[in-house]
Amino acid sequence: MNSKNSKARLLQGNEACMLGALYAGVEFFGGYPITPSTEIAEGMAREMPKRGGKFIQMEDEIASMASIIGASNAGCKSMTATSGPGFSLMQENLGYAYMTETPCVVINVQRGGPSTGLPTKVGQSDTMQARWGTHGDYTSITVAPSSVEGCFYETVRAFNLAERFLTPVIVLLDEVMAHMREMMVVPEEGEIEVFKRHRPDVPREWYRHFEITPSLVSPMASFGQGYRYNVSGLTHDQDGFPTAKPKEIVDKLNKLRRKIERYSDEIIKLRTEKMEDAHIAVFSYGIVARTAFQAVKMARERRIKVGAIQPLTIWPFPDEQLRDMLKNVRKVIVAELNMGQLVHEIRRVAPRHTEVIPLQRYDGNVMTPSEIFDKIREVVK
Amino acid sequence: MTANTLQSERIHHYLRPKKSFPNVWCAGCGNGIVMGALIRAIDHLGLDKDKVVVVSGIGCSSRMPVYLDFNTLHTTHGRALAFATGVKLAKPNLKVIVITGDGDALAIGGNHFIHACRRNIDITTILIDNKIYGMTGGQFAPTTPEGKIATTAPYGNYEKQFDPVQLAIGSGASYVARGTVYHVAPLERMIIGGIQKKGFALIDTISNCHTYYGRFNKEGDAVAMINDIRKQAVSVKAAATMSEDKLIGKFLTGVIHETDATEFCDEYQAMCERVLAKGGK
């Protein structure tokens, strides 16, 4: 065994998320037990006290979300982890975090729904909730890994994006990813970039907490730092005071959308396989991307010109990138563990000559490579 | 300084006059009286404005932080204590004060309220208790007495009333007091006591909503209502010498409960130190 392999660890997805968060410098975790995400909270309860971090088990998910927003405004990198029913409860204060531009990370380990649904079974039916879950107009950043290693790296990336763009970032996992075990090498400190929000250094009277700067992302002060500012979920002006002036309302809402849109190239991350000459493509994310890549391999062995596309960033949706990738694709199979969510996004962006074919499974099990392979064979005819 | 001697310019030192005024409250509202008492309490204690965080939920009373020149967090309905818990645990050196109303703290926020008391986290909560939902136009609250009229109780309220003081004591808060907007100097002292207390402090502050509650129930204008509050209030000391009959229709004021229970952030810190002393085991 060489030295690199000796550092490899057998981890489950939830553990990798936890280690990724610690690598990214998480300082505050507030959560509530819920299957299948609980191992993240349990890991945090063990690790945070050893590192000067804070762990709290709140009374529910509404309070969990509130606590991490409070902690973030007090200057801490903050996160929570949950699953469908808890994610629904978090929507109220997630909206508050979007509105108040509070960086934080929310891991949602998806299970079958609606309601209590299938607590121990896999699903991808919160895909749209991650984009549109809370009321009002806003733009979400959502990332979705498809391996244990990916859980680590995408959690680090989620923290970097949250701190960079001062917004909540959602990490969408699913029950299988959260619990399956794979070998991975945890990177050494300094191997990957870790970003922390910029702090203001201007005189107190110049500071405006919600300033609309040319870059749209301004430095963020913390409570106790000497810049006394108001944070409110009411639509507010650049100083944080409630406003009903049409221009100030529009400026605020535009800022929330544009600060993500403008940097979408920096945020969007896609993985492709054998797309160079593909006439057929399989589009999928999370655990399904794993089986899709296998199905593509099987089809390629039979000389079918098929490729795979996997978004690691689901929101903002990679419109431009997909339009380009689907240029020469006749048929795109959209495989997901729900009754059809991302398929509507693909229909929206696919060129006219590209037929969009849904492939869905929602019985609490993962779509197998042979299911996807069968679909490929069916559509190639 | 006491209530009467804190000059207006000293008050202005704690306000944000440029952007946030005029305030949203009705003329005669008790919220301004409570805000004055809070400012004088903070001034008396000589707290550093940079180290004070005022958190609120949604409702008339919860608009208060917007006017105050501290670190202010105006949150979602009922959730102020959950946000405040995050702030306090993240940075225990900050003084965290929560402004809330009876609907905010006891109905939608009831769960957060009892758990903040149970943790005995070092947060001072001023609950402005006017027995009605003011901002939404006069609906009944968990504190509305039976028989009283509200827009959602047009034939008289038939629900039982919450007593926030008993709720807080039963849930584990270490400092529980009740004041009124009439008895301003005692209110100020209770706020000072609550801020000084290491642990969860509740100051249930009986206030007036003449705009809705008073109008619907024919209890008169602000002056008449505050006068009624004066008549109904009995200090804990005076009540000790009174018969039960004489206490009917009255409510107790003063520091009703005080203990020296351990505080949440201290306990967390102590646990961390134990873990580190054992080499992280």
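**Entry 1: a residue in chain B**

I began at D266(B), which sits in helix α13 (residues 264-277) of chain B; helices here are DSSP runs of H or I with at least four residues, strands are runs of E with at least two, and both are numbered from the N terminus. This is a predicted model, where local features need pLDDT of at least 70, side-chain atom pairs count only at pLDDT 80 or more, and totals for chains, interfaces and linings use all residues. Residues are numbered from 1 along each chain as its sequence is written, chains are lettered from A and ligands numbered from 1 in the order in which they are written, and side-chain values use heavy atoms, with hydrogens and water left out.

**Entry 2: chain B as a whole**

I counted 13 helices and eight strands in chain B. Its C-alpha trace spans about 65 × 45 × 40 Å along the principal axes. The radius of gyration is 19 Å, which agrees with the value near 19 Å for a compact globule of 281 residues (taken over C-alpha atoms, with a rule of 2.2 Å times the number of residues to the power 0.38). Of those 281 residues, 57% count as buried. I read 31 positive and 25 negative side chains in chain B, with the centres of the two sets 3 Å apart; Lys and Arg count as positive, Asp and Glu as negative, and His and the chain ends are not counted. Each charge is placed at NZ of Lys, CZ of Arg, CG of Asp or CD of Glu.

**Entry 3: chain A as a whole**

Next I turned to chain A, with its 14 helices and 16 strands. Its C-alpha trace spans about 70 × 50 × 40 Å along the principal axes, and 62% of its 381 residues count as buried. For chain A I noted 48 positive and 46 negative side chains, the centres of the two sets lying 4 Å apart.

**Entry 4: Q341(A)**

Where is Q341(A)? I found Q341(A) in the loop between β15 (331-336) and α13 (342-349) of chain A. Q341(A) is buried, because its relative accessible area is 14%. Its side chain reaches the backbone nitrogen of M128(A) at 2.8 Å, and one of its polar atoms lies 3.3 Å from the backbone nitrogen of T127(A). Beyond residues up to four places away in sequence, Q341(A) touches Q124(A), S125(A), D126(A), T127(A), M128(A) and E336(A) (contact means heavy atoms within 4.5 Å).

I looked at K375(A) in helix α14 (residues 369-380). K375(A) is a lysine I found buried, as its relative accessible area is 16%. Leaving aside neighbours within four places in sequence, K375(A) contacts I333(A), I357(A), P358(A) and L359(A).

Note on methods. Buried means under 20% relative accessible area, exposed over 50%, partly exposed in between (1.4 Å probe, protein chains only). A polar contact is a pair of N or O atoms within 3.5 Å; within protein, one must be able to donate a hydrogen and the other to accept it, and residues adjacent in sequence count only if both atoms are side-chain atoms.
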